[in-house]
Amino acid sequence: MWDLHKIYSDEAHPQVVNEGCRSAGIGCLDCKQPLIERIVEEIGGMRRRAQEFEDNPELVRGIVAEGADKAREVARQTLDEVRRTMHLRPD
């Protein structure tokens with residue numbers, strides 16, 4: 001937990017947690033709750049962005065189809081180059 005507090009907590013809180021945990025002055029929930037709230041707050045943007053895709057499966061299908069089209073074109077070009085290099089197709 002200490003390493004997570006160093007990342008997510010404000011400057012004063014890790015020291016309070018460090019001292020409270022070592023002296024049993026605070027309980028585990030007192031230690032973890034502010035950390036949980038901060039992490040949930042930070043990932044809120046990612047959750048909102050993911051919700052857009054969950055709510056719109058057609059958007060996801062479109063993105064996947066577009067990627068497949070691009071990959072197909074790259075694969076076609078690569079195979080053409082391989083065939084030319086191996087003299088399986090005239091230049």
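In the predicted model, Cys31 is buried, with a relative accessible area of 5%, whereas Cys28 is exposed at 57% (buried, under 20% relative accessible area; exposed, over 50%; partly exposed, in between; 1.4 Å probe, protein chains only). The count of disulfides is zero, a disulfide being a pair of cysteine sulfur atoms within 2.5 Å. Residues are numbered from 1 along each chain as its sequence is written, and side-chain values use heavy atoms, without hydrogens and water. Because the model is predicted, local features need pLDDT of at least 70 and side-chain atom pairs count only at pLDDT 80 or more, while totals for chains, interfaces and linings use all residues.

His5 belongs to helix H1, residues 2–8 (helices are DSSP runs of H or I, at least four residues, numbered from the N terminus). The relative accessibility of His5 is 0%, so this residue counts as buried. Its side chain makes a polar contact of 2.7 Å with that of Ser9 (N or O atoms within 3.5 Å, one able to donate a hydrogen and the other to accept it; residues adjacent in sequence count only if both atoms are side-chain atoms).

Gly25, in the loop between H2 and helix H3 (28–55), is exposed at 58%.

The protein averages a pLDDT of 89 (the predictor's confidence in each residue, from 0 to 100). Mean pLDDT is lowest among the elements in helix H2 (residues 13–23), at 77, and highest in helix H4 (residues 57–85), at 97.

Conventions: Helix = DSSP H or I, 4+ residues; strand = E, 2+ residues; numbered from the N terminus.
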